[in-house]
Amino acid sequence: MGYAVVDVETTGFRRSDRVVEVAVVQLDRDRRVTGEWCTLLNPGRDLGPQHVHRIRAADVWGAPTFALAAGALARRLAGRVLVAHNLAFDARFLAAEFGRVGVDADFDGLCTMRLSGGRRSLRDCCADAGVPLLDAHSALADARAAAALFARLPEVPGAGALDLPPLGADVPEVRRGAADLAGGVLAGAGPGPAGAVPAGGVPANGPSSGGLSAGGLSTGAAPWSGALAGATRPVELSGGTRAGGTRSGEVPAGGDPAGGALGGPAASGSASGVAAAGIPVACGPAVGGAAAGGAGAARRLARGDLVVFTGQMDDARDVWVDRALGAGLRVNSGYVTRATALLVAADPFSLSTKARRARAYGVPIVSEGAFAALLAALAGGLPDESLGKIS
């Protein structure tokens, strides 16, 4: 049938790591492109080196798991010779993922790195061959570049075709950028496939066409049928009121104080910066039966409240810990418990263990910039002394 040029992006390099994006560029026997396919995958865990692959947790929120996408991928690989740059890496992860769904296959094939003289970098090999490589560490861009590199090789050896069984129905592709964070909405694909997001505090189905509103779930029909079909807990700080009767620093259930975008900018250093930050209280389960976007019971961040951090933030973790302690908060560096008041996440849609546990417990999740605004709002009312860090 020809060739299947593959590239995967992963959560890391260990045996336990998962594929988070996979792309296939199909070539005929003359090495001409006949089709391409690419989708993000929900790994059910943190995304690992996001500074490398640049995939946001929001992007994979409604993406299929590998188990759901296995049939679509198998159909695009079966009967073709597998090709990849540094084939050993891609083949190892493909074998592991297919093994998890009960398929034991030999992912042998052709390696453009070896066929190009053994230089490891796809970028270097493409530069030598005059092949453009745009958007490196995007699975589709890398697969396209590897396919173009493969097509320019003067000759290629023979290799056996992949033998994969039919595994299930096709699934829609979920591409990067489907989550429109500028508008605070998960947009694009409509309802996700059943089971698209693993259990453990994360919903069983993908988003509806309504998606997610800024700071929480939309107010339309329940966007999730599962653990998160309700509002998050609001975060309320002491202080004056603002338009609409909401106090400075208060986050209504299912929303943010100013309708701002998820992951908004850092605070300006005053209480008014809370609104400017666009605080995302991201996707926790309903608390006290409050409907999405409703006015559920508020709680206050106060001296002695316990906060936890997750993810690689712009500022060092120690810096944030010092700021939290200086504001009179307590910090647990290890794990989220039911006593946790707030989880501060580098990515509020994080699928890390801490984030999954926070959602299961109904603990609000906020971005780094939003937490800076919360600290600014607290600064005037809390004593200077800290309460200490919990190891």
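Good morning. I begin with a contact between two helices: Trp320, Arg323 and Ala324 in α9 meet Glu368, Phe371, Ala372 and Leu375 in α11. Sorted by class, this contact of α9 with α11 has five nonpolar, no polar and two charged residues. Please keep in mind throughout that the model is predicted.

Helix α9 covers residues 317–326 and helix α11 covers residues 368–379; they pack at an angle of about 25°, and their axes are 10 Å apart. Because angles under 35 degrees count as roughly parallel, α9 is described as roughly parallel to α11. The crossing in which α9 passes α11 is left-handed.

I now step back to the chain as a whole. Its secondary structure comes to 11 helices and 16 strands. The chain has 391 residues, of which 53% count as buried. How much of the contact between residues at least 6 apart in sequence joins residues at least 24 apart? The figure is 68% of such contacts.

Helix α3, residues 66–77, and helix α4, residues 87–100, have axes that come within 10 Å and cross at roughly 120°. On the α3 side, Phe66, Ala70, Leu73, Ala74 and Leu77 take part, and they meet Leu94, Glu97 and Phe98 in α4. By class, that contact of α3 with α4 has seven nonpolar, no polar and one charged residues.

I turn next to helix α7, which runs over residues 139–152. This helix has 14 residues and reaches 20 Å from its first C-alpha to its last, close to the 20 Å expected at 1.5 Å a residue. Is α7 largely enclosed or exposed? Of its 14 residues, 10 are buried, so α7 is largely enclosed by the rest of the structure. The buried residues include a run from Ala139 through Leu140, Ala141, Asp142 and Ala143. Also buried in α7 are Ala145, Ala146, Ala147, Leu149 and Phe150.

Two of those residues lead us to a strand. Leu27 lies in strand β2, residues 19–27, and touches both Ala147 and Phe150. Leu27 and Phe150 are 123 residues apart in sequence, yet 9.9 Å apart in space, C-alpha to C-alpha. Other residues that Leu27 touches include Met1, Gly2, Tyr3 and Val5, as well as Arg32, Val33, Thr34 and Arg80. Leu27 has a relative accessibility of 1%, so it counts as buried.

Most residues other than glycine have a negative phi. Against that background, phi of Asp135 is near 60°, a positive value, and phi of His137 is near 70°, also positive. Are these two residues buried or partly exposed? Asp135 is partly exposed, with a relative accessible area of 46%, and His137 is partly exposed as well, at 39%.

Thank you. I welcome your comments.

How values were computed. Residues numbered from 1 in each chain as written. Predicted model: local features only at pLDDT ≥ 70, side-chain atom pairs only at ≥ 80, totals over all residues. Heavy atoms only, no water. Helix = DSSP H or I, 4+ residues; strand = E, 2+ residues; numbered from the N terminus. Expected span 1.5 Å × (residues − 1). Buried < 20%, exposed > 50% of the residue type's maximum accessible area, 1.4 Å probe, protein only. Axes fitted to C-alpha atoms, helices over the stretch in contact; angles between N-to-C directions. Parallel < 35°, antiparallel > 145°, perpendicular 65-115°, else oblique. Left-handed = near helix turned anticlockwise from the far one by under 90°. Contact = heavy atoms within 4.5 Å. Nonpolar A, V, L, I, M, F, W, Y, C, P; charged D, E, K, R; others polar. Lists of a residue's contacts leave out its neighbours within four places in sequence.
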